[in-house]
Amino acid sequence: MKQSVQKLISFMAILSLLLLAACSGTSEPSTSEGASEGEGKSGEATTTEGEPGTMFIGLVNPPTGFNPINSGDVAAMFIQKFFQDTLLEMDGPLNFVPRLAESFESTDGQNYTVKINKDAKWSDGTPVTAEDLAFTVNLIANPKSETSQGANISMLAGLEANGKLPEGQTELSSVKVVDEKTVELTTAVPVDPNYMKEMFGLNILLLPKHILGDVPVEEISTHPYMQNPDVTNGTFKFVKYEKDQYVELVANPDYHGGTPELEKLFIKIMPAPNLVAQLQTGELDFNVSKGIGKIAVQDYDTVSGFDHVETSIEPTIGFQTMMFNNERLSTEVRKALSMAVDRQVLVDKLLKGYGEYIDGPYSSVNPFLDKSVGSIDYNPEEAKKMLEDAGFDFSKPLELVVPIGNKVREQSAPIIAQSLAQIGVKTEITNYDFPTIMQKGKAGEFDLLLIGFTLTLDPDVSNVYTTGATYNFMKYSSSEMDELLLKGKQEADPEKRKAIYSDVQKLIIEEIPVLTLYSDHDFAGVNKRVEFGKPKTFGTHHNLQKWAVSGAN
């Protein structure tokens with residue numbers, strides 16, 4: 001039965017590909033003489049077009065930091081995977097391939113044996129060991145640690161639903177070091193191995209125990225390593241982060257997967273229009289795509305016209321949302337506001353048809369999407385009546401908080417405001433950079449918040465919809481939802497899981513803690529000098545050591 005679900009997933013993803021798929025930036029500083037090699041004035045990365053050993057890729061939002069256990073944004077996690085290996089990579093729908101782990105296996109869905117690559121070393125020459133993995137997991141689980149990874153280990157025996165140990169405990173008995181390179185993991189109940197591999201295998205980045213093992217848990221998050229990770233285990237080594245401008249990486253010659261073809265890699269941060277300009281000049285080899293390196297849809301034709309650039313469009317599992325502050329807005333008000341937003345206009349006018357609107361966290365790429373459970377239909381007349389019946393105060397404007405950087409999302413804000421104005425709802429749009437958005441989201445300082453997610457192909461959405469979850473900025477709390485999500489994580493049978501997540505989707509439509517606005521397709525422009533390496537829906541970080549560029553544009 002599991003095989004049939006996997007085949008369905010693969011078929012749907014391939015079919016979608018055949019049919020055709022959160023963020024800030026800064027102005028570009030000028031360059032000047034007197035700078036050290038590889039940088040210009042104010043630390044700007046020097047982009048020498050055609051340089052054979054160096055690749056330049058672009059994104060629009062800066063990382064919030066480089067803490068492997070507390071990366072609260074997609075950009076940080078994306079960047080970290082260049083210099084820190086996850087255990088596994090997924091290079092196709094539920095097709096898992098080794099990365100730091102040689103193997104990740106289970107015979108019963110409850111007991112998993114993870115073998116670390118025998119040749120894996122930290123960049124200071126120390127072997128990567130099972131102790132590093134155990135140390136990292138126990139640190140995530142420690143009640144005193146700050147982490148965004150709780151949901152990714154919460155299936156392990158001995159943990160509470162948020163992935164934390166009970167107060168007073170510091171070590172998991174379900175994480176057992178067998179030998180220098182082998183760890184045994186035990187889940188509370190049997191789980192779908194694909195769930196375990198995707199949540200744990202694709203997200204856990206190891207910390208070096210020999211560097212941080214003696215640091216008090218309360219001081220880990222402020223340790224200098226979290227801003228300057230100078231001992232890592234990935235394909236590249238971290239050199240520096242010039243804030244809001246670029247991350248510089250160099251090849252790790254001792255990488256267990258083989259010496260990288262590239263000598264250097266620069267990940268440049270810039271406004272979306274600059275992605276287009278630098279693709280045109282050859283200063284970028286490609287835009288990262290996904291939600292963190294998007295080119296505005298109105299620029300697709302422009303980039304497609306560059307002779308030296310190849311383009312591609314793919315459906316994604318990512319989606320954009322309008323979060324409601326559930327502590328300020330009742331269920332009736334949330335429903336009414338949702339019915340007032342014409343999402344088809346967003347897809348047709350803003351995305352030019354390169355996307356879709358959905359009523360939950362699953363796009364059409366995901367086989368767990370169940371459209372039969374209901375829908376949120378555009379009905380402004382009924383929406384206004386519902387607000388009047390709910391005693392809504394039409395004189396008080398709602399604060400609509402919007403991250404800068406993703407131009408399509410920025411442009412959606414006034415369209416949404418206009419839709420709400422048609423039923424008499426006033427809004428005040430405020431824009432902030434992404435780190436500020438994360439702070440305001442966690443503090444609940446908004447009425448409406450635009451934010452995007454790229455979660456997993458696995459249907460678990462605990463880190464958004466569970467009470468107190470890391471990304472539950474809307475302060476949504478439902479015992480029924482908590483129970484469903486816990487049940488879904490603990491069900492090993494794929495068909496039974498599908499029924500559970502159909503109930504999850506139905507409850508989302510009934511209570512509308514957040515409105516999914518659209519899932520827009522990814523658009524990537526890749527310089528033809530790139531011989532290997534490009535952004536992909538699945539497996540971007542697979543075989544990084546093979547990434548290469550020629551000297552010609």
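Buried here means a relative accessible area under 20%, exposed means over 50% and partly exposed lies in between, with a 1.4 Å probe and protein chains only. The model is predicted, so local features need pLDDT of at least 70 and side-chain atom pairs count only at pLDDT 80 or more, whereas totals for chains, interfaces and linings use all residues. Residues are numbered from 1 along each chain as its sequence is written, and side-chain values use heavy atoms, with hydrogens and water left out.

**View 1. The aromatic pair of Tyr471 and Phe473.** Rings of Phe, Tyr and Trp (its six-membered ring) pair if their centres lie within 6.5 Å, and planes under 30 degrees apart count as stacked, over 60 as edge-to-face and the rest as tilted. A search of the whole structure finds 18 such pairs. Tyr471 and Phe473 are edge-to-face because their ring centres are 6.4 Å apart and their planes stand at 80°. Tyr471 is buried, at 14% relative accessible area, and Phe473 is buried at 1%.

**View 2. The aromatic pair of Phe83 and Phe238.** This edge-to-face pair has 5.5 Å centre to centre and 65° between the planes. Phe83 lies in helix H2 (residues 74-83) and Phe238 in strand E8 (residues 236-242), so the pair ties together parts 155 residues apart in sequence; helices (H or I, at least four residues) and strands (E, at least two) are DSSP runs, numbered from the N terminus. Phe83 is buried at 1% relative accessible area, and Phe238 is buried at 10%. Ring pairs also link Phe83 and Phe238 with Phe66 and Tyr241 into a cluster.
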